[in-house]
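Reader: Please show me the model. I would like to go through it by question and answer.

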Amino acid sequence: YTQANRTKSTPTFLLLGPSGAGKTSFVSLIQKQSSNPEEKESEPSPTRTSQVKTNVSLLLPGTIPLGSNKYRSQNDASLKDKHPTPYSIIDTPGHGKLRLEHALSQLNNPALRGVIFVVDSSVLDSSDSSASRDTAAYLHDTLLALQRRLSDKGSKKPKAALPVLIAANKQDLFTALPTGAVKDRLQSEIERVRVSRSKGLSAVGQDTDEDEGDDVLGGGGEDKFTFKLLEEEYDTKIDVIGGAVKGEEAGKGVQRWLEWIGGCL
Ligand code: GTP
Ligand code: MG
């Protein structure tokens, strides 16, 4: 109860990722599950391209452990775990022209507990595809915005770093890269974005901020970009977890995404 009383607003997660990655499909699947927990196998409703952000109220099933219970005694934790926990997800449009205004702007939301970045694992099999480059550019911009958020001089108290879940979706498709390979591909593609941005030769997307671009993702050291670097330098923890919202393996991995959410509550 301490956690709930401390902030009046519902703990909120920001759902980001390129168009077509499966954000709205994911939210509608867990929305159905949270309104009817019995109906585990339900297919998400068909979606269309999102054009505005939507705040969706959800309940985390009581069976999923909460991070705030980690240090409680077994008895205490099992008592509390029987109740579902309210939280919200802000679904955002992934289209390149809507990202700044409708998605990344939400990083200032004080109720945020974490960021979920959904990728389509099947477009990452070739590093030259435009979908692959677009995914990396958007993830780069998101991580840079998170990095800048920490050094925001306008805010009164220092902000805590937000954890990031990269949901490697569409694992049901045979062209999908396996989760470990998704992680490697994203890291190397982000390194390419970082190099081209720092040379000022960038043609990919726009800068996320009015700040002059001298702050480089990961701090501008000599090392190649890795997610680990962001954890070491900026306390930003990044997990990559595979799954599928639709298709033959619909719902696979979704439990682990919910467990990640629970770990942030
Ligand atoms: P925007 O709203 O444009 O940003 O896209 P979005 O991320 O909300 O994608 P959306 O949920 O609308 O899904 C796009 C398409 O991918 C839809 O046709 C979904 O049916 C399909 N899709 C979503 N998840 C999966 C998955 O796990 N596997 C497969 N095979 N298809 C999926
Ligand atoms: Mg959508």
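**Core, ligand shell and confidence**

Reader: Which residues touch the most other members of the largest nonpolar core?
Author: This is a predicted model, in which local features need pLDDT of at least 70, side-chain atom pairs count only at pLDDT 80 or more, and totals for chains, interfaces and linings use all residues. Residues are numbered from 1 along each chain as its sequence is written, chains are lettered from A and ligands numbered from 1 in the order in which they are written. A nonpolar core is a set of buried Ala, Val, Leu, Ile, Met, Phe, Trp, Tyr and Cys residues joined through C-beta atoms within 7 Å. The largest one has 55 residues, and the most other members are touched by Leu15, Ile116, Phe117, Val118, Val119, Ile166 and Ile261.

Reader: Which helix gives the largest share of this core?
Author: Helices (H or I, at least four residues) and strands (E, at least two) are DSSP runs, numbered from the N terminus. Eight core residues come from one helix, the largest share: α5 (residues 130–150).

Reader: Which residues does isoleucine 166 touch?
Author: Contact means C-beta atoms, placed from the backbone, within 7 Å. Residues up to four places away in sequence are not counted. That leaves Phe117, Val119, Leu186, Ile238, Asp239 and Val240.

Reader: Is valine 52 buried or exposed?
Author: Valine 52 sits in the loop between α2 and β2 (54–60). Buried takes 20 or more other C-beta atoms within 10 Å of a residue's own, exposed 12 or fewer, partly exposed in between, with C-beta atoms placed from the backbone. Valine 52 has 10 C-beta neighbours inside 10 Å, so it counts as exposed.

Reader: Which residues come nearest to ligand 1?
Author: A residue is near a molecule if its C-beta atom, placed from the backbone, lies within 6 Å of it. Helix α2 (residues 23–35) gives the largest share of the shell, three residues. Of the 23 residues around ligand 1, the nearest are Gly22, Thr24, Ser25, Ser50 and Gly94.

Reader: What is the mean pLDDT of the protein?
Author: pLDDT is the predictor's confidence in each residue, from 0 to 100. A value of 70 or more is reached by 80% of the residues, and the mean is 84.

Reader: Over which residues is the pLDDT below 50?
Author: Where pLDDT is low, the predicted coordinates should not be read in detail. One such stretch, with 10 contacts beyond near neighbours in sequence, is residues 201–205. Another, also with 10 such contacts, is residues 207–214.

How values were computed. Contact = placed C-beta atoms within 7 Å.
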